[in-house]
Amino acid sequence: YHFASCFKSYLGKTPHQYIMEQKMERAKMLLSSTTISIIQIGLAVGYDNQSHFTKIFKKAVGQTPKVFRFENQVIP
């Protein structure tokens with residue numbers, strides 16, 4: 001409890017929120033800069049299956065990983 005309280009007062013978010021943000025940022029980077037499959041990206045950032053990853057990604061980012069990749073991919 002003490003750690004979580006100090007963490008939140010320092011960063012303004014809970015440790016769980018911070019970890020989720022970091023996972024989503026890593027996933028967005030991988031989606032936009034690689035051709036790794038969406039399931040592999042989900043597994044790489046800590047989700048057990050593509051369905052759960054897609055659900056959490058859509059909630060956090062506002063679009064599915066597939067749509068995000070299509071709109072943001074920077075691979076030549």
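The protein chain exposes about 5400 Å², with carbon and sulfur atoms supplying 58% of that area (Shrake-Rupley method, 1.4 Å probe, with only the protein chains shown counting as cover for residues). This is a predicted model, where local features need pLDDT of at least 70, side-chain atom pairs count only at pLDDT 80 or more, and totals for chains, interfaces and linings use all residues. Residues are numbered from 1 along each chain as its sequence is written, and side-chain values use heavy atoms, leaving out hydrogens and water.

Now for the fold. The protein chain holds five helices and zero strands (DSSP runs numbered from the N terminus: H or I of at least four residues for helices, E of at least two for strands). Of its 76 residues, 26% count as buried, meaning under 20% relative accessible area with a 1.4 Å probe, protein chains only.

On to the rings. The whole structure contains five aromatic pairs (Phe, Tyr or six-membered Trp ring centres within 6.5 Å; planes under 30 degrees apart are stacked, over 60 edge-to-face, the rest tilted).

F57 lies in helix α4 (residues 50–61) and F68 in helix α5 (residues 65–72), so their pair ties together parts 11 residues apart in sequence. Both Y47 and F53 are buried, as are F57 and F68. Ring pairs link these four residues, Y47, F53, F57 and F68, into a cluster.

Note on methods. Buried < 20%, exposed > 50% of the residue type's maximum accessible area, 1.4 Å probe, protein only.
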